[in-house]
Amino acid sequence: MDADARTDKVWLLGIQRKLYQWSRLNPEGQYRELWGWITDSRNLRCAWRTVASNKGRRTPGIDGVTVKHVQKLGEEAYLEKIREELRIGLYRPSPSRRAWIPKSGKPGEFRPLGILTVKDRIVQCAVKQIMEPLFEARFWHVSFGFRPGRSCHAAVELIRCAMHSGTRDKDGRRHAFPYVWVIEGDVKGCFDHISHRQVLEGIRRRCGDGKVNRLIRAFLKAGVLAEDQYIRTDAGTPQGGIISPLLSNIALSVIEERYGRWVNQAQSTGDGMVAARNTRVRDRKKGRPVFFPIRYADDFVILVSGSEKDALVEKEMLADYLKETAGLDLSENKTLITPTDRGFEFLGQRIRMKWDDRYGYYPRVEVPKEKVLELCHRIKLRTGPSTTTWSLDRLLGELNPTLRGWGHYYRFCTGAKRIFARIDWYVGDRIWRWLKRKYAKAGASDSVRSRELSRIYPGRAVWRGEKKEQFLMGHLTVERFKLEWMRRPDYAWTSGEPDT
């Protein structure tokens with residue numbers, strides 16, 4: 001990073017820290033002077049570097065301009081023109097170009113993706129860099145999606161910790177557990193149906209700068225260009241927009257706020273989370289129902305301490321609440337009420353209470369059998385007859401990223417080591433069959449010539465090409481995810497001084 005880029009980043013970090021700390025100290029306040037920082041040349045340069053380093057930098061919007069075109073024309077002049085348009089009020093967001101991308105694990109289903117122009121990406125990123133600290137300081141600890149330093153694994157681990165009972169009976173075992181039922185929330189077309197009015201109201205509670213609010217409203221109303229036809233956007237946030245994740249979190253935060261009594265008593269004079277935890281304990285002792293939500297973007301679960309009737313009533317009330325506050329509908333067929341000892345899936349992992357003769361009931365995070373079968377199916381397709389024209393290096397180049405990503409995602413699950421070993425054997429067997437099919441006239445000894453000692457895994461024989469070798473998931477470290485691993489954003493680290 002050159003000196004100018006480092007200087008810009010230090011300036012931006014100082015502004016973000018100031019906003020984050022102010023928001024923490026003024027939970028009900030509005031910050032009214034953001035426009036100057038958003039249109040500052042240093043902020044726009046930081047936004048440009050983020051956009052220019054993004055994977056989508058080669059994808060043009062409706063104007064056909066890519067990052068490479070801007071670099072040829074001159075970055076400084078391009079950014080100065082954007083700044084001037086913002087300052088004098090001539091900037092208008094362009095409609096996003098709609099593209100359809102396949103849904104992972106759902107063949108034949110697609111989701112819409114809005115591709116913005118490079119100019120709009122830069123302006124959205126500049127707005128997000130200034131606005132995010134204001135809202136991040138007030139988002140609650142049970143929200144995980146699209147937030148810096150938080151992940152799917154942290155959301156699943158919080159569920160596991162919440163379901164764990166610390167109370168043992170006289171025999172030393174846990175015969176009861178705190179949450180007996182779970183409401184599995186599923187929102188219909190969340191990003192396409194979020195109410196603009198509710199989003200803007202949520203923004204105005206934290207931001208009192210009229211110019212910024214009007215700019216965000218213009219982003220929401222910019223529209224979509226699909227097959228040369230302009231479509232108005234009266235609701236929703238376009239998937240693919242840089243600021244869309246922040247706006248969706250602002251809108252969906254009403255879910256956890258509904259359960260503030262048991263999650264975070266913000267009005268408490270002390271620690272709101274400690275007060276909420278004490279309330280959960282008292283309500284359980286008195287036989288009152290307790291509801292504890294965990295949300296990752298638009299996927300959420302609500303742990304229920306109470307009867308099935310309590311869960312059913314809450315499901316109906318939550319549906320009405322979301323319709324009224326965010327303009328969203330719960331899917332009747334996909335919003336399920338499930339006993340926690342039967343188990344439920346969240347973010348592709350299975351969570352359930354299981355009995356152990358030594359300890360009693362304990363929460364367990366598992367790899368769903370369906371996910372293992374899906375992975376094996378993908379491996380089988382890539383090692384089928386249609387790929388025998390490939391080299392072994394190309395085949396391994398296709399398989400290894402899939403195996404590496406899948407293994408790293410599920411390495412925090414109970415029993416993952418055994419599943420990884422089985423998949424490693426299956427991959428080896430499929431490659432052997434692929435080689436036999438590729439070299440049909442070769443003998444058995446010729447087919448195994450590519451199986452050699454690994455350069456990466458000492459003492460292990462793997463399939464090796466000239467440059468690549470088989471990735472072994474069995475060598476990944478399998479352990480329990482720790483909530484302490486969540487990384488706080490840089491601007492959240494302050495010395496306590498108001499002007500830090």
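With 500 residues, a compact globule would have a radius of gyration near 23 Å, and this chain, at 26 Å, agrees with that. The radius is taken over C-alpha atoms, and the globule rule is 2.2 Å times the number of residues to the power 0.38. Keep in mind that this is a predicted model, where local features need pLDDT of at least 70, side-chain atom pairs count only at pLDDT 80 or more, and totals for chains, interfaces and linings use all residues. Residues are numbered from 1 along each chain as its sequence is written, and side-chain values use heavy atoms, with hydrogens and water left out.

Let's stay with the whole chain for a moment. Along its principal axes, the C-alpha trace spans about 75 × 70 × 45 Å. Of the 500 residues, 49% count as buried, meaning under 20% relative accessible area with a 1.4 Å probe and protein chains only. Now take the contacts (heavy atoms within 4.5 Å) with a separation of 6 or more: 69% of them come from residues 24 or more positions apart.

What is the chain built from? There are 19 helices and 13 strands, which are DSSP runs numbered from the N terminus (H or I and at least four residues for helices, E and at least two for strands).

Five of its six residues are buried, so β3 is largely enclosed by the rest of the structure. So who are its partners? Two strands pair if DSSP finds at least two bridges between them. β3 pairs with β7 in the antiparallel sense over six bridges, and D186 stands opposite D299 in β7. Four bridges also join β3 to β8 (residues 336-339), again running antiparallel; here V182 stands opposite T338.

A297 has a positive phi of about 55° although it is not a glycine. Is A297 buried or exposed? At 4% relative accessibility, A297 counts as buried.

You can find a positive phi of about 55° at L347 too, which is not a glycine either. L347 sits in the loop between β9 (344-346) and β10 (349-356), and at 16% relative accessibility L347 counts as buried.

Methods. Buried means under 20% relative accessible area, exposed over 50%, partly exposed in between (1.4 Å probe, protein chains only).
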